[in-house]
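Trainee: I would like to go through the labels used for this model and see what each one rests on. Can we take them one by one?

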Protein chains: 2
Amino acid sequence: MSGAKALSMDLPLDQILRGECVETMRTLPSGSVDCIFADPPYNLQLRGELRRPDDSVVDGVDDDWDKFSDLQEYDRFTREWLSEARRLLHKDGTIWVIGSYHNIFRLGAILQDLGFWILNDVVWRKSNPMPNFRGRRFTNAHETLIWAARSQDSRYRFNYQAMKALNDDVQMRSDWYLPLCTGNERLRNEHGLKLHPTQKPESLLHRVLLASTTVNDVVLDPFSGSGTTAAMARRLRRHFVGIERHPDYVEAAMARVAREVPLDDDAIQTTQDKREAPKLPFGSLVEQGTLVAGTVLSDKKQRIQATVAADGTLVSGAKRGSIHKMGAMLTNAPSCNGWTFWHFEREGVLLPLDVLRQESLAATASQ
Amino acid sequence: MSGAKALSMDLPLDQILRGECVETMRTLPSGSVDCIFADPPYNLQLRGELRRPDDSVVDGVDDDWDKFSDLQEYDRFTREWLSEARRLLHKDGTIWVIGSYHNIFRLGAILQDLGFWILNDVVWRKSNPMPNFRGRRFTNAHETLIWAARSQDSRYRFNYQAMKALNDDVQMRSDWYLPLCTGNERLRNEHGLKLHPTQKPESLLHRVLLASTTVNDVVLDPFSGSGTTAAMARRLRRHFVGIERHPDYVEAAMARVAREVPLDDDAIQTTQDKREAPKLPFGSLVEQGTLVAGTVLSDKKQRIQATVAADGTLVSGAKRGSIHKMGAMLTNAPSCNGWTFWHFEREGVLLPLDVLRQESLAATASQ
DNA sequence: ACACCGGCTGAATCTCTCC
DNA sequence: CGGAGAGATTCAGCCGGTG
């Protein structure tokens with residue numbers, strides 16, 4: 001994704017803007033951000049205070065910003081900020097929202113109503129959730145993230161191979177097992193009390209940003225709070241724009257960002273998707289003599305053969321075509337990746353053509 | 001809960017009624033069921049044919065009953081059957097609905113709009129989900145259930161101790177790890193093909209009914225399908241009322257129920273679910289900051305070095321791969337256990353990565 | 001009898017670029 | 001905007017056949 005970078009000239013980069021969420025978003029240019037992460041107020045509807053079995057009071061979320069008169073008011077607020085978010089998002093951009101069962105269904109339905117295209121719902125499984133003290137429900141041990149593209153036809157970014165690498169080389173699933181933000185990671189005020197009631201763990205934002213953005217992308221967090229998004233953006237060398245109404249949070253978050261050291265060139269690299277690798281036409285291997293015209297290729301089980309022609313096509317009897325087309329034709333398949341289908345012999349071993357491509361790309365990269 | 005039993009005289013018990021969902025519900029008496037389990041159409045909106053990398057075709061859900069012209073029509077349908085469901089539910093009763101990201105946000109929002117009171121959202125984590133074949137999203141590895149009481153002041157049933165016992169004497173969490181319905185459990189037609197495209201596993205209904213109903217309770221399933229709810233109700237000695245519009249499904253489900261043997265008085269119904277072996281991908285250590293990206297690892301004799309990248313791969317020159325692959329590559333070995341091969345330095349001492357893994361697993365204890 | 005291997009399958013919104 | 005073509009992409013578990 002060339003992304004929104006060219007459009008971001010009017011965007012105040014790497015800052016947390018103090019102000020109301022919607023009002024501040026209205027001052028920013030359309031299509032100027034590549035990705036949005038939003039952790040909106042939860043509308044928790046807590047009735048009175050909650051006590052642990054030992055009668056200590058649970059420090060729940062009871063700040064003013066979490067009080068909404070009713071569902072309709074919450075929906076109105078949600079539609080308003082999500083509409084602005086959609087305007088700010090680049091056409092190929094994606095948005096993440098996080099919530100619990102109190103608000104996630106409102107968020108999801110309104111996302112769909114506004115034309116966002118849901119790509120995944122992702123479950124953050126907490127390794128250390130708060131137990132259900134009254135024993136009247138299941139332990140609420142997860143929160144839900146929704147990942148959505150701006151529209152159905154967005155050509156969004158997903159760093160598939162990086163996610164696979166992060167998960168021991170099997171596809172990353174939609175359920176993520178991560179600890180809560182505790183201990184030293186948790187920001188505290190001068191009295192040692194937690195600064196923000198819902199500070200998100202860095203590991204969560206690390207995975208979110210690694211999955212759906214690339215270096216120098218612009219990430220917007222309209223409910224910046226303790227600044228986890230901003231801090232992880234800086235660490236991973238993405239640009240950020242935060243919005244936060246409470247000056248204390250703005251200050252604490254910017255101080256936090258300043259303490260963050262961006263990863264260096266070696267550490268920031270991730271496994272590349274093949275789709276992004278430099279293109280190398282099969283014909284150039286023949287031109288360069290890497291593979292001599294006249295070489296006979298076969299499938300892995302050596303049931304099918306074809307001969308390499310001087311123009312990089314394959315020939316078998318009266319049939320001729322690209323490595324892909326011939327693979328598909330000779331196996332009656334609708335399509336075929338010739339790079340992995342066709343094999344050549346080297347020192348008695350059958351190797352896929354892809355090996356030659358990798359070698360050739362590696363050789364030219366180091367020049 | 002004294003429950004709805006006294007009211008159920010006009011209710012046709014332990015049958016699957018052939019008919020349209022809403023129409024049939026209208027014939028049943030108000031407040032007559034203790035619990036509802038509903039697996040409505042998901043509105044998947046599948047477009048073309050999907051093929052696996054081996055070119056085989058995925059047998060998707062293309063049935064007419066899952067097609068809706070737009071979200072508005074889906075919402076209308078949902079409001080209609082949920083309204084009837086609420087009328088049939090006893091004042092202290094609860095409802096379960098299951099869905100995927102395609103429809104669960106519509107379901108949840110409408111439940112709230114109608115006055116249901118959400119108790120939990122529960123995540124069914126699939127042990128064996130279908131992969132994402134195109135590598136364009138996270139593996140869709142879960143479905144979501146919403147558990148809600150008829151109203152905020154319902155004195156609903158929750159068998160807390162039974163759930164705790166089922167979970168090795170720790171509170172049952174909101175994330176459940178259960179396999180898909182496959183193998184012998186899957187109902188098949190005379191050609192050996194699956195009878196119903198979306199048959200739910202018995203383990204799921206077993207847990208649902210065990211959590212939220214008691215012996216002789218009445219359970220309604222307005223989208224009965226293959227009859228998993230009815231079968232598990234009979235096994236657990238609950239009464240059931242099913243509604244299903246396709247006569248073939250009604251017949252197959254009633255035959256299935258007839259094969260079911262109710263548990264006897266002594267049977268303690270704890271089909272213990274497989275405890276999940278604690279797994280920890282190397283990438284998690286990087287995300288969680290246990291090991292910082294940019295750290296240089298080495299073998300025990302410090303002859304070989306590599307740098308940790310942000311996606312949990314190791315980098316050395318032009319080479320990149322998992323801790324295992326890189327260990328093997330750099331030593332020319334066929335394979336390598338990266339956890340014991342690679343070492344990091346702590347207080348001047350070289351320690352294997354495995355130490356970090358053990359520490360991290362111990363800290364988070366029970367997955 | 002037992003191990004191993006190949007085949008099959010599951011609620012799936014599943015490509016991208018160039019002409 | 002439509003069509004053609006290049007080329008990227010899979011995990012766990014069950015079943016049946018074979019050695």
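Trainee: What makes α2(B) and α3(B) count as being in contact?

Mentor: This is a predicted model. Contact needs heavy atoms within 4.5 Å. In α2(B), L71(B), Y74(B), D75(B), T78(B), R79(B), W81(B) and L82(B) meet residues of α3(B). Their partners in α3(B) are R106(B), L107(B), I110(B) and L111(B). By class, this contact has 7 nonpolar, 1 polar and 3 charged residues.

Trainee: Which hand does the crossing of α2(B) and α3(B) have?

Mentor: That crossing is right-handed. The label applies if the near helix is turned clockwise from the far one.

Trainee: And chain A: at what angle do helix α2 and helix α3 pack there?

Mentor: In chain A, α2 (residues 71-88) and α3 (residues 104-113) pack at about 45°. The axes lie 10 Å apart. α2(A) and α3(A) are therefore oblique to each other. α2(A) passes α3(A) in a right-handed crossing.

Trainee: Which residues of α2(A) and α3(A) meet?

Mentor: L71(A), Y74(A), D75(A), T78(A), R79(A), W81(A) and L82(A) come from α2(A). They meet R106(A), L107(A), I110(A) and L111(A) of α3(A). The classes are 7 nonpolar, 1 polar and 3 charged residues.

Trainee: Now the DNA. How many residues surround DNA strand C?

Mentor: There are 39 residues around DNA strand C. The cut-off is a heavy atom within 4 Å. The closest are Q45(B), R52(B), Y101(B), R134(B) and K194(B). Sugar and phosphate make up 45% of the atoms of DNA strand C that come within 4 Å of the protein. By class, the surface near DNA strand C has 18 nonpolar, 8 polar and 13 charged residues.

Trainee: What makes the pair between K194(B) and DNA strand C a polar contact?

Mentor: The limit is 3.5 Å between N or O atoms. A polar side-chain atom of K194(B) lies 2.6 Å from a phosphate oxygen of DNA strand C, so the pair qualifies. R186(B) also has a polar side-chain atom by a phosphate oxygen of DNA strand C, at 2.8 Å.

Trainee: How far is a polar side-chain atom of W117(A) from a base oxygen of DNA strand C?

Mentor: The distance is 3.4 Å. That is within 3.5 Å, so this pair is a polar contact too.

Conventions
Residues are numbered from 1 along each chain as its sequence is written. Chains are lettered from A and ligands numbered from 1 in the order in which they are written. This is a predicted model: local features need pLDDT of at least 70, side-chain atom pairs count only at pLDDT 80 or more; totals for chains, interfaces and linings use all residues. Side-chain values use heavy atoms; hydrogens and water are left out. A polar contact is a pair of N or O atoms within 3.5 Å; within protein, one must be able to donate a hydrogen and the other to accept it, and residues adjacent in sequence count only if both atoms are side-chain atoms. Ala, Val, Leu, Ile, Met, Phe, Trp, Tyr, Cys and Pro count as nonpolar, Asp, Glu, Lys and Arg as charged, and the others, Gly among them, as polar. Axes are lines fitted to C-alpha atoms, for helices over the stretch in contact, and angles run from 0 to 180 degrees between N-to-C directions. Helices (H or I, at least four residues) and strands (E, at least two) are DSSP runs, numbered from the N terminus. Angles under 35 degrees count as roughly parallel, over 145 as roughly antiparallel, 65 to 115 as roughly perpendicular and the rest as oblique.
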